[in-house]
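Trainee: I'm new to this one. Could you walk me through it, one question at a time?

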Amino acid sequence: MNNKSQQPRLDRLGAYPFERLKALFAGSHGNTELDHIDAGAGEPRLPLPAFVAPTLQQQLAGFSKYPSTIGGMELRTAIAAWLVRRYGLSDVNPSTQVLSANGTREALFAIAHALVNPDAEKLSGRKAYVMMPNPMYQIYLGAAYTAGAEPYLLACNHQTGFAPDLSNVPDEVWADTALVYVCSPSNPTGWIADEAYYAELLALADKHDFYVVSDECYSEIYWADKPAGLMQVAENLGREGFSRCLVMNSLSKRSALPGMRSGLIAGDAELIKRFSKLRSYTGPATPLPLQHVAAAAWSDEPHVQAHLEVYRQSLEAFFDVYGGDIPAGSFFVWLPVSNDEAFSLAAYQQQNVTILPGSYLGAEDAQGINPGSGYVRAALVDGPDAAAELARRLKQVRV
């Protein structure tokens with residue numbers, strides 16, 4: 001087959017983590033004497049909030065109309081109001097500083113295509129960098145490759161407290177950086193960025209002329225204090241209009257509605273305008289009835305607090321059995337093991353448990369080191385009883 005016209009950047013993408021997991025399990029069978037526990041995917045499995053069904057039923061006629069990619073004004077107004085309440089912001093303009101996302105996965109991927117210059121190498125002899133934590137949500141890596149950038153990996157390990165270390169990045173790398181992805185609370189480690197971290201990153205962005213994209217999908221799942229947000233820090237620093245900042249968040253985790261594919265993009269109006277132009281062509285629009293449900297979800301806090309309590313109970317139940325420290329944020333546990341692939345396979349075969357090898361969420365750096373190796377990620381998405389049972393089974397795994 002003649003493939004001379006195919007996109008070569010796609011060839012740099014490896015298999016997605018769950019495809020790799022499927023290959024790891026191929027030919028193996030879980031222990032049929034035990035019920036299966038799926039702790040691999042970060043898919044909340046909590047009851048639907050009470051307002052979902054009646055709101056959807058009232059809006060079914062909207063399926064006969066094309067939705068706009070920017071999102072209806074009702075939804076964008078609800079999002080702006082939530083951002084103001086949640087982060088104590090003085091104002092967010094729903095017309096110019098907010099977009100609806102078709103889930104944040106597509107937005108996190110597409111934003112690199114709006115902010116990276118794919119011709120940078122022709123102009124300067126060097127590719128633009130897209131900086132990201134390592135391990136990471138693999139969408140960041142795919143976005144960098146397909147946008148024509150070079151990923152720059154910030155190791156997040158025990159030595160850094162699982163924070164992406166900004167202090168050792170050479171000035172010449174910062175000079176060629178187009179954007180930096182931040183994930184706080186972190187998938188997979190649970191690390192949370194404090195205000196000082198965001199402030200340092202924004203100072204670097206001003207000095208070296210790049211943008212900051214903050215993935216805050218787990219912002220409402222935390223153990224102690226509410227996590228700070230990028231827009232909150234930007235306003236506290238007096239950055240007019242959230243300059244250089246874009247935030248993405250989702251109802252998938254906050255409201256346990258992953259199947260709705262609904263989230264938000266907010267921040268710098270100029271970046272919103274530019275991204276909106278790209279998305280008007282790619283067309284990632286949330287159906288109108290689901291936009292009404294989303295507006296109701298962003299406007300309701302009791303269900304979020306109820307979910308948070310379940311996640312806290314689940315974390316406590318897991319670590320009461322397993323031992324160790326509860327992560328600061330998210331519903332993932334990031335557990336050290338001797339060999340992450342071998343442990344994950346043994347957990348499936350011996351205990352009928354699906355978890356994810358940490359190396360599948362990381363990438364090898366220039367020294368050939370993958371900071372995800374030697375860890376496994378488990379998602380506590382089925383409540384405290386299931387979390388305790390998961391801990392008991394994982395403690396019994398033998399490699």
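This is a predicted model: local features need pLDDT of at least 70, side-chain atom pairs count only at pLDDT 80 or more; totals for chains, interfaces and linings use all residues.

Trainee: Let's start with the pockets. Which residues lie nearest the centre of the largest pocket?

Mentor: That pocket holds about 520 Å³ of space. Its lining is made of 23 residues. The ones that lie nearest its centre are Tyr-16, Gly-42, Arg-105, Tyr-137 and Lys-253.

Trainee: Which elements each supply at least two residues of that lining in the largest pocket?

Mentor: By class, the lining of the largest pocket has 10 nonpolar, seven polar and six charged residues. Going by elements, those that each supply at least two residues are α1 (17-25), α4 (104-115) and α10 (251-254).

Trainee: And the second largest pocket: which element gives the most to its lining?

Mentor: This pocket has about 450 Å³ of space, and 22 residues line it. Tyr-152, Leu-153, Leu-154, Ala-155 and Asp-365 lie nearest its centre. The elements giving two or more residues to the lining are β3 (129-134), α6 (139-146) and β4 (150-155). With six residues, the one that gives the most is β4.

Trainee: On to helices. Are α4 and α6 roughly parallel or roughly perpendicular to each other?

Mentor: Look at the angle: α4 and α6 pack at about 30 degrees, with their axes 8 Å apart. Angles under 35 degrees count as roughly parallel. The crossing is also right-handed. So α4 and α6 are, relative to each other, roughly parallel.

Trainee: Which residues make the contact of α4 and α6?

Mentor: On the α4 side, they are Arg-105, Leu-108, Phe-109, Ala-112 and His-113. By class, the residues of this contact are six nonpolar, three polar and one charged. On the α6 side, the contact is made by Ile-139, Tyr-140, Gly-142, Ala-143 and Thr-146.

Trainee: What about α4 and α11: roughly parallel or roughly perpendicular?

Mentor: Helix α11 covers residues 269-282, and its axis comes within 10 Å of that of α4. The two axes cross at roughly 105 degrees. Angles of 65 to 115 degrees fall in one class, so α4 and α11 are roughly perpendicular.

Trainee: Which residues of α11 make that contact with α4?

Mentor: From α4 come Glu-106, Ala-107, Ala-110, Ile-111, His-113, Ala-114 and Leu-115. The contact of α4 with α11 has eight nonpolar residues, one polar and three charged. The α11 partners are Leu-271, Arg-274, Phe-275, Leu-278 and Arg-279.

Trainee: There's also α3 and α12. Is their crossing left-handed or right-handed?

Mentor: Helix α3 (residues 73-87) and helix α12 (residues 288-298) have axes 9 Å apart and pack at an angle of about 20 degrees. That angle makes α3 and α12 roughly parallel. As for the hand, α3 passes α12 in a crossing that is left-handed.

Trainee: Which residues of α12 does α3 meet?

Mentor: The α3 side has Glu-74, Leu-75, Ala-78, Ile-79, Trp-82 and Arg-85. This contact of α3 with α12 has seven nonpolar, two polar and two charged residues.

Trainee: Now the backbone. Where does Pro-135 lie?

Mentor: Most peptide bonds are trans. The bond from Asn-134 to Pro-135, however, is cis, with omega near 10 degrees. Pro-135 lies in the loop between β3 and α6.

Trainee: What is omega for the cis peptide bond that joins Asn-187 and Pro-188?

Mentor: You'll find Pro-188 in the loop between β5 (177-183) and α8 (195-208). For the cis bond joining Asn-187 to Pro-188, omega is about 20 degrees.

Trainee: Last one: where is the place of Arg-244?

Mentor: Most residues other than glycine have a negative phi. Arg-244 has a positive phi, near 70 degrees. Asp-209, with a phi of about 65 degrees, is likewise positive without being a glycine. Arg-244 sits in the loop between α9 (230-236) and β7 (245-250).

Note on methods: Residues are numbered from 1 along each chain as its sequence is written. Side-chain values use heavy atoms; hydrogens and water are left out. On a 1 Å grid over the protein atoms alone, a cavity is a set of points where a 1.4 Å probe fits but cannot get out, and a pocket is an open set with protein on both sides within 12 Å along at least five of seven lines; lining residues have an atom within 4 Å of a point. Grid points are joined across faces, edges and corners, and a volume is the space filled by probe spheres set on the points. Helices (H or I, at least four residues) and strands (E, at least two) are DSSP runs, numbered from the N terminus. Ala, Val, Leu, Ile, Met, Phe, Trp, Tyr, Cys and Pro count as nonpolar, Asp, Glu, Lys and Arg as charged, and the others, Gly among them, as polar. Axes are lines fitted to C-alpha atoms, for helices over the stretch in contact, and angles run from 0 to 180 degrees between N-to-C directions. Angles under 35 degrees count as roughly parallel, over 145 as roughly antiparallel, 65 to 115 as roughly perpendicular and the rest as oblique. A crossing is left-handed if the near helix is turned anticlockwise from the far one by less than a right angle, and right-handed if clockwise. Contact means heavy atoms within 4.5 Å.
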